Amino acid sequence: NRYPGYTGNIDTSGYVTVTFPEQDLIEFSYNLHGLEKGCTDCGVHIHTGTTCDVADEVGGHYFSVAEDPWTTDGGAFYNADEKGDALGSFTLTSGYDT
């Protein structure tokens with residue numbers, strides 16, 4: 001679903017796989033298409049809410065540590081090629097007992 005209120009023309013497709021390889025860790029793998037072409041260090045994250053249909057129900061980023069790991073410095077980003085495709089993965093500490 002599109003983020004509530006988004007009116008841009010970017011229409012993404014593809015898949016995301018989330019696994020929990022160890023306690024407190026999240027592995028986020030993606031194969032995405034239709035992204036902004038050539039976008040570098042573009043943020044990606046998981047929200048605490050259970051819907052993207054209502055802005056008030058999206059929630060904040062999914063973490064329970066002192067600082068938000070869903071940042072470029074935390075490794076939560078993708079780099080799209082000249083076609084708008086991105087393939088990759090990253091692992092971060094969520095702080096949750098997974």
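Phe28 is found in strand 2. Several of the exercises below return to this residue. The model is predicted.

## Exercise 1: The overall fold

Describe the secondary structure and the dimensions of the protein chain.

Solution. 

Step 1. Count the elements. The protein chain has five strands and zero helices.

Step 2. Write the order. Read from the N terminus, the elements run β-β-β-β-β.

Step 3. Take the dimensions. Along the principal axes, the C-alpha atoms fill a box of roughly 35 × 30 × 20 Å.

Step 4. Compare with a globule. A compact globule of 98 residues would have a radius of gyration near 13 Å, and the 14 Å of the protein chain agrees with this.

Step 5. Look at burial. Of the 98 residues, 21% count as buried.

## Exercise 2: Phe28 and its ring partners

Find out how Phe28 pairs with Trp70 and with Phe90, and classify each pair.

Solution. 

Step 1. Recall what is needed. A pair of aromatic rings is described by two quantities, the distance of the centres and the angle of the planes.

Step 2. Start from the whole structure, where a search finds six aromatic pairs. In one of these, Phe28 and Trp70 have ring centres 6.0 Å apart and planes at 75°. Planes over 60 degrees apart count as edge-to-face, and the pair of Phe28 and Trp70 is edge-to-face.

Step 3. Phe28 lies in strand 2 (residues 25–33), while Trp70 lies in the loop between strand 3 (42–43) and strand 4 (77–78), so the pair ties together parts that are 42 residues apart in sequence. Both Phe28 and Trp70 are buried.

Step 4. Turn to Phe90. The ring centres of Phe28 and Phe90 are 4.9 Å apart and the planes are at 15°, so this pair is stacked. The pair links distant parts of the chain, with Phe28 in strand 2 and Phe90 in strand 5 (residues 86–93), 62 residues apart.

Step 5. Check the burial of each partner against the cut-off, which is under 20% relative accessible area. Phe28 has 4% relative accessibility and counts as buried. Phe90 has a relative accessible area of 8% and is buried.

Step 6. Ring pairs link Phe28, Tyr30, Trp70, Tyr78 and Phe90 into a cluster.

## Exercise 3: The cysteines

Which cysteines form a disulfide, and what is the handedness of that disulfide?

Solution. 

Step 1. Apply the distance rule, which asks for cysteine sulfur atoms within 2.5 Å. The S to S distance of Cys39 and Cys42 is 1.4 Å, and a disulfide joins them. By this rule the count comes to one disulfide.

Step 2. Read the torsion. About the S-S bond of Cys39 and Cys42 it is about -90°, so the disulfide is left-handed.

Step 3. Check the surroundings. Cys39 and Cys42 are both buried.

Step 4. Consider Cys52. Cys52 is in no disulfide, and the nearest cysteine sulfur, that of Cys42, is 18 Å away. With a relative accessible area of 33%, Cys52 is partly exposed.

## Exercise 4: A surface patch

Which residues form the nonpolar patch on the surface?

Solution. 

Step 1. Name the members. They are Tyr3, Tyr6 and Ile10, with about 280 Å² of accessible area together.

Step 2. Look at one member. Tyr6 is found in the segment before strand 1 (13–19), and its relative accessible area of 36% makes it partly exposed.

Methods: Residues numbered from 1 in each chain as written. Predicted model: local features only at pLDDT ≥ 70, side-chain atom pairs only at ≥ 80, totals over all residues. Heavy atoms only, no water. Buried < 20%, exposed > 50% of the residue type's maximum accessible area, 1.4 Å probe, protein only. Patch = residues over 30% accessible without salt bridge, like charges linked within 9 Å, V, L, I, M, F, W, Y side chains within 5 Å. Areas by Shrake-Rupley, 256 points an atom, 1.4 Å probe, with all protein chains shown as cover. Salt bridge = Lys/Arg side-chain N within 4 Å of Asp/Glu carboxyl O. Helix = DSSP H or I, 4+ residues; strand = E, 2+ residues; numbered from the N terminus. Phe/Tyr/Trp six-rings, centres within 6.5 Å; stacked < 30°, edge-to-face > 60°. Rg over C-alpha atoms; globule rule 2.2 N^0.38 Å.
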